[in-house]
Amino acid sequence: MPIYIDQLGRSVELKKAPQRIVSAVPSLSELIVDLGAEQRLVGITSWCVHPTNLLLDKKVIGGTKNLDISKIRSLKPDLIIANKEENPQDQIEALAKEFPVWVSDVRSLDQAFDMIAMLAKLLELENRGANLLGELAELRKGC
């Protein structure tokens, strides 16, 4: 089984590429869509408003600071995506006892690029991730 390391250095073991993802972070929900995996999102927060159809098409699992753990359980996710600063540590730790939880911790542009590559690999969408990173690198040159 593949083991991935999140941005906190935690090991996340997955049996296969995740097909039922709960995202507890609006920006990461948007990134999952940008990587072409919108159909894999089964749960999002009430703050996940981009693209605009997400709130209509996906189950809302509470806000970023008050996740509804019972709703998350009912979705039977094979991966939960969270963020160190955005989500309460106690809720993430509780979920990690039952589900694979991958946590981001971005404090610089380079870490953001690393996070995109890591998430693309975890979703087995490395080509999409490489394309997105290439576009971002071009934009970064202009700064």
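Is E98 buried, partly exposed or exposed, and at what relative accessibility? E98 counts as partly exposed, because its relative accessibility is 40%; buried means under 20% relative accessible area, exposed over 50%, and partly exposed in between (1.4 Å probe, protein chains only). The model is predicted: local features need pLDDT of at least 70, side-chain atom pairs count only at pLDDT 80 or more, and totals for chains, interfaces and linings use all residues. Residues are numbered from 1 along each chain as its sequence is written, and side-chain values use heavy atoms, with hydrogens and water left out.

**Strand β6 and its partners**

- Helices (H or I, at least four residues) and strands (E, at least two) are DSSP runs, numbered from the N terminus.
- In β6 (79–83), five of five residues are buried.
- One side of β6 holds L79, I81 and N83, and the other holds I80 and A82.
- In a regular strand the side chains alternate between the two faces of the sheet.
- β6 pairs in the parallel sense with β3 (residues 21–23) over three bridges; two strands pair if DSSP finds at least two bridges between them.
- Within this pairing, L79 in β6 stands opposite I21.
- β6 and β7 also run parallel, joined by four bridges, and V101 in β7 is the bridge partner of I80.

**Helix α4**

- The buried residues of α4 (residues 89–96) are Q91, I92 and L95.
- These residues lie on the same side of α4 because they cover an arc of only 100 degrees around the axis, the arc being that of the directions from the helix axis to the C-beta atoms.
- The buried residues of α4 pack against α3 (69–75), β6 and β7 (101–104).
- Q89 and D90 are exposed, on the face of α4 turned away from its buried side.

**Residue T64**

- T64 is placed in the loop between β5 (59–60) and α3, and counts as buried at 6% relative accessibility.
- Beyond its neighbours within four places in sequence, T64 is in contact with residues including W47, N87 and P88; contact means heavy atoms within 4.5 Å.

**Salt bridges**

- The structure holds six salt bridges, each a side-chain nitrogen of Lys or Arg within 4 Å of a carboxyl oxygen of Asp or Glu.
- E98 forms a salt bridge with R73, with the closest N and O atoms 2.7 Å apart.
- E98 lies in the loop between α4 and β7 and R73 in helix α3, so the pair ties together parts 25 residues apart in sequence.
- R107 and E85 form a salt bridge, with the closest N and O atoms 2.8 Å apart.
- R107 counts as exposed at 53% relative accessibility, whereas E85 is partly exposed at 49%.
- E85, D105 and R107 are linked in a network of salt bridges.
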